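I opened a structure that is new to me and kept notes as I went. Here is what I looked up, entry by entry.

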Amino acid sequence: LEGLRVVIDCANGANYRVAPLALEELGAEVVKIGTEPNGLNINYRCGSLYPEAVAAKVRETRADIGLALDGDADRLIVVDEKGTVLDGDQIMALCAQDLMQQGKLPGNILVATVMSNMALEVFMKERGGTLIRTNVGDRHVVAAMRQQGALLGGEQSGHLIFRGYSTTGDGLLAALQILRIMREKEKPLSELAGLLTPFPQKLVNVRVEKRLPFEERPGIGEAVARVEKELAGRGRVLLRYSGTEALCRIMVEGEDEDKVKVYAADLAEVVARELR
């Protein structure tokens, strides 16, 4: 990694010593933040939960890349040399394309959760690949990867699993894969990560009195089917109940932001009426 300036934010957590050392030993010039844990400051205004800290340091030091881990170091959020924050979907797109080009992505399968942006699904399809979705949680991703024989999977939140090297999410391992691609392609991250432009997304929370299965309320099913027909395969609708509150979460994605907002508002009205 000689010649690369890397900012790493270790969230005052588990990887505060190992991650910077690994990067230094590979030859990078390392700028460290979030590497002074005191037992209380883990994840406090730093790390992947606060990527603005590493983004600011990247701009200040004119670094080539910023890496933000979380406290237990299984998540990674990346910042390009311009200070733009990239999420897990954008990084999965970059890594999936790299592996497909090398013929090292079995079945051209990528595993992600229902929260990953529709743009990632379209991205894989356009390149002859397949995105398999699971419930939220990296354990569901890993289970599906084993079942499908997939080697790459992850979550929009930054859990990335490279099953050829590890059985779980590992932020440093994911960072090294991205750095490898940068070095091999000899291109700035902003250019490499421009592969994926997330579709506009609107999330609406509706307070409900009943948590009935959606299929028991025909009005909801009809409304969802109507919106999905309008989206014509270039968007999606996701309805799910909160695990902790009396809320129904409605998420709509599509290419037209104005239409997405209208669809989400229309569905919110129907859900509120059907579940009161």
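**Entry 1: a covered strand**

I began with strand β6 (residues 109-113), where five of the five residues are buried, so the rest of the structure largely encloses it. For me, buried means under 20% relative accessible area, exposed means over 50%, and partly exposed is in between, using a 1.4 Å probe and protein chains only. Strands here are DSSP runs of E with at least two residues, helices are runs of H or I with at least four, and both are numbered from the N terminus.

Before going on, I noted that this is a predicted model, in which local features need pLDDT of at least 70 and side-chain atom pairs count only at pLDDT 80 or more, while totals for chains, interfaces and linings use all residues. Residues are numbered from 1 along each chain as its sequence is written, and side-chain values use heavy atoms, with hydrogens and water left out.

Back to β6: which residues are buried on each of its faces? I found Ile109, Val111 and Thr113 on one side, with Leu110 and Ala112 on the other. β6 runs parallel to strand β7 (residues 130-134), and five bridges join them. I count two strands as paired if DSSP finds at least two bridges between them. Ile109 has Thr130 as its bridge partner in β7. Right-handed means that, with the strands pointing away from the viewer, the path from the first strand over the helix to the second runs clockwise.

**Entry 2: the five-strand sheet**

Next I traced an open sheet of five strands with mixed pairing, in the order β2-β1-β3-β4-β5. Why is one side of β2 and of β5 left without a neighbour in the sheet? β2 (29-33) and β5 (85-86) stand at the edges and each has a single partner strand, so there is no neighbour on one side.

I then looked at β1, which is mostly covered, with four of its five residues buried. β1 pairs with β2 in the parallel sense over five bridges, and Val7 stands opposite Val31 in β2. The chain gets from β1 to β2 through helix α1 (residues 18-25), and this β-α-β crossover is right-handed. β1 also pairs with β3, again in the parallel sense, over four bridges. There I found Asp9 opposite Ala68 in β3.

At the other end, strand β4 (residues 76-79) and β5 run antiparallel and are joined by two bridges. Val79 stands opposite Val85 in β5. Helix α2 (residues 51-61) packs on the sheet, touching β1 (5-9), β2, β3 (65-69), β4 and β5, and its direction makes about 155 degrees with that of β1. Contact means heavy atoms within 4.5 Å. Angles run from 0 to 180 degrees between N-to-C directions, with axes fitted to C-alpha atoms, for helices over the stretch in contact. Helix α6 (residues 171-185) lies across β1, β3 and β4, at about 165 degrees to β3.

**Entry 3: the three-strand sheet**

I found another open sheet, of three strands in the order β10-β12-β11, with antiparallel pairing. Its edge strands, β10 and β11, each pair on one side only. Seven bridges link β10 and β12, and Val206 stands opposite Cys248 in β12. Helix α9 (residues 257-274) lies across β10, β11 and β12, running at about 155 degrees to β12.

**Entry 4: rings and cysteines**

How many aromatic pairs does the structure hold? I found one. Phe214 and Tyr241 are stacked, at 4.7 Å centre to centre and 20 degrees between the planes. Rings of Phe, Tyr and Trp (its six-membered ring) pair if their centres lie within 6.5 Å; planes under 30 degrees apart count as stacked, over 60 as edge-to-face and the rest as tilted. Phe214 and Tyr241 are both buried.

I counted zero disulfides, taking one as a pair of cysteine sulfur atoms within 2.5 Å. Cys10 has its closest cysteine sulfur in Cys46, 9.4 Å away, which is too far for a bond. Cys10 is buried, at 0% relative accessibility.

**Entry 5: a loop residue**

My last stop was Glu245, in the loop between β11 (235-241) and β12 (247-254). Glu245 counts as partly exposed, at 38% relative accessibility. Leaving out residues up to four places away in sequence, Glu245 touches Arg207 and Arg211.
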